[in-house]
Amino acid sequence: MNLLRILTWLLVIWIFWSMVKNYLAKETRKKPGKPALPQKMVKCDHCFVHTPEADALSHDSRWFCNRAHMQAWLGHKSVSDK
Ligand SMILES: [Zn+2]
């Protein structure tokens, strides 16, 4: 009788856990459709255009919108550190 009770509880917990897992899987699948969260913007030190931090390139705590601008800025500065 005691074993039957334990098995019943385990079954209830397993069903509950499956439902929670299913719900969480649905929630995570929904996320890519949602609009992206606001991103941190950084200013390019060469052209002063604001770019999302994820797309920007950093060098010496300065930010650039692309590699060409970073190289242009580095060439403009000095080439002694190369
Ligand atoms: Zn730029």
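**A buried phenylalanine and its surroundings**

Guide: Phenylalanine 64 is buried, with 24 other C-beta atoms within 10 Å. Buried here requires 20 or more other C-beta atoms within 10 Å of the residue's own; exposed is 12 or fewer, partly exposed is in between, and C-beta atoms are placed from the backbone. This is a predicted model: local features need pLDDT of at least 70, side-chain atom pairs count only at pLDDT 80 or more, and totals for chains, interfaces and linings use all residues. Residues are numbered from 1 along each chain as its sequence is written.

Phenylalanine 64 sits in strand S4. Strands (E, at least two residues) and helices (H or I, at least four) are DSSP runs, numbered from the N terminus. Leaving out residues up to four places away in sequence, Phenylalanine 64 touches Cys44, Asp45, His46, Ala56, Leu57, His59, His69, Met70 and Trp73. Contact means C-beta atoms, placed from the backbone, within 7 Å. Now take valine 42. It is 22 residues from phenylalanine 64 along the chain, and their C-alpha atoms are separated by 8.1 Å.

Both residues belong to the largest nonpolar core. That core has 5 residues: Val42, Ala56, Phe64, Cys65 and Met70. A nonpolar core is a set of buried Ala, Val, Leu, Ile, Met, Phe, Trp, Tyr and Cys residues joined through C-beta atoms within 7 Å. In soluble globular proteins, nonpolar side chains tend to be buried together. Look at alanine 56 next. Not counting residues up to four places away in sequence, alanine 56 touches Val42, Thr51, Trp63, Phe64 and Cys65.

Aspartate 60 is found between strand S3 (57–59) and strand S4 (62–64). Its phi is near 50 degrees, positive in a residue other than glycine. Serine 61 lies in the loop between S3 and S4. Serine 61 is not a glycine, yet its phi is positive, about 60 degrees. Most residues other than glycine have a negative phi. Aspartate 60 is exposed, with 9 other C-beta atoms within 10 Å. Serine 61 is exposed, with 6.

Now the whole chain. It has 2 helices and 4 strands, in the order α-β-β-β-β-α from the N terminus. Buried residues make up 7% of its 82 residues. Helix H1 (residues 2–30) has 29 residues, and the number buried is 0, so H1 lies largely in the open.

Methods: Contact = placed C-beta atoms within 7 Å. Expected span 1.5 Å × (residues − 1).
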